[in-house]
Amino acid sequence: MNNIDIQKSHSIATYIRNTFNCEIPKIAVILGSGLGDFTKMVKIIKTIPYADIPNFPESHVEGHRGSLTIVEVANNKQALIMEGRFHYYEGYAPSDVVLPIVVFHLLGIKTLIVSNASGGINRDFESGDLMIIKDHINFTGNHPLIGKNDNNLGPRFLDQTECYSNELINHAKNVANKLDITPKEGVYIAVSGPTYETKAEIKAFAGMGADAVGMSTVYEVIMANYFKIKVLGISSITNLATGIATEHHDHAKIVGTASKISVVFSSWVKQIILEL
Ligand code: HPA
């Protein structure tokens, strides 16, 4: 059963609030693989390693550190940064993957910027591009809201017409324009992983309307929508997807490409937050 454990989430939120012991920002950012440089470009206020948080899952994948950090982007504008997420392919239940989002909601987060590394399916994309996620396809075969629903928390049948806030998409585009960044826009398809896709799968996904493929994000976005948290999604295209790429995939290389994109990504996200 993928029921949300609201009691556990409350106790985690209380621990985080007491440990930070300062005002919690209203904006949270989830940093995807290789995008951790963001925290080097801002002032760190306070950090809590996941390992210190009772009942919080631990993240294991290379390129992820696992901590919650309050940063000051500039001029008293702060954000809560989640470095290291929980992936379905690691064996976490969807309810564990979204536990941080439940906690964010309890902490009063109203805007979520979610990022990830993905493989480009759209033939106009190049490795190194940044893509604004305008919609997604949940092709993981699971869903974080399966199970009993507490109608006090959110609706049984959640509308998904605007999973990614149009207002935030327009804002991100305006900021990109000012910074001379030309992001792509597209549909993100999420698979469970942990294998990279086959050529036939990518061909099928292209036919389904997907522009990029990855192994994260959609559960978190669904959960944020459940709590009416506004979402902006940004994908870094770290490689071309199977069959479009001429070479085999290599996780280390993909994380390396994400790190290169990280600087542009970080300055963009910083400005997005500043001007929100
Ligand atoms: N497929 C799935 N997940 C990914 C990829 C990919 O090609 N690149 C980065 N994350």
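Ala, Val, Leu, Ile, Met, Phe, Trp, Tyr, Cys and Pro count as nonpolar, Asp, Glu, Lys and Arg as charged, and the others, Gly among them, as polar. All views below show a predicted model.

**View 1. The shell of residues around the ligand.**

View 2. A polar side-chain atom of Glu197 is placed 2.8 Å from a nitrogen atom of the ligand. The backbone also takes part in this view: a polar backbone atom of Ala117 lies 3.3 Å from a nitrogen atom of the ligand, and a backbone N or O atom of Gly119 is 3.4 Å from a nitrogen atom of the ligand. Of the 260 Å² of accessible area that the ligand has on its own, the protein covers 94%.

**View 3. The largest pocket, in which the ligand sits.** The volume of the largest pocket is about 380 Å³. This pocket is lined by 25 residues, and those closest to its centre are Ser33, Ala117, Tyr196, Met215 and His251. Strand 5, strand 8, strand 9 and helix 7 (251-274) each give at least two residues to the lining. Strand 5 provides the largest share of the lining of the largest pocket, with 4 residues. Divided by class, the lining residues are 10 nonpolar, 13 polar and 2 charged.

**View 4. The second largest pocket.** The second largest pocket has a volume of about 220 Å³. Its lining comprises 14 residues, of which Thr238, Asn239, Leu240, Glu247 and Lys253 are the closest to the centre. Strand 9 and helix 7 are the elements that contribute two or more residues to this lining. By class, the lining of the second largest pocket contains 4 nonpolar, 7 polar and 3 charged residues.

**View 5. The largest cavity.** Rolling a probe the size of a water molecule over the atoms shows where empty space is left. The structure contains 2 cavities of 30 Å³ or more. The largest cavity has a volume of about 80 Å³. Among the 15 residues that line the largest cavity, Tyr88, Met215, Ser216, Thr217 and Tyr219 lie nearest its centre. Helix 6 (residues 218-226) supplies the largest share of this lining, 3 residues. The lining of the largest cavity has 8 nonpolar, 5 polar and 2 charged residues.

View 6. Most residues other than glycine have a negative phi, and most peptide bonds are trans. The peptide bond from Gly193 to Pro194, however, is cis, with omega near 0°. Pro194 belongs to the loop between strand 7 (184-190) and helix 5 (199-208). Asp180, a residue other than glycine, has a positive phi, near 65°. Asp180 is located in the loop between helix 4 (166-178) and strand 7.

Note on methods: Residues numbered from 1 in each chain as written. Predicted model: local features only at pLDDT ≥ 70, side-chain atom pairs only at ≥ 80, totals over all residues. Heavy atoms only, no water. Polar contact = N/O pair within 3.5 Å; in protein donor to acceptor, adjacent residues only side chain to side chain. Areas by Shrake-Rupley, 256 points an atom, 1.4 Å probe, with all protein chains shown as cover. 1 Å grid on protein atoms, 1.4 Å probe; cavity = no way out; pocket = protein on both sides within 12 Å on 5 of 7 lines; lining within 4 Å. Sits in = over half its atoms within 2 Å of the grid points. Points joined across faces, edges and corners; volume = space filled by probe spheres on them.
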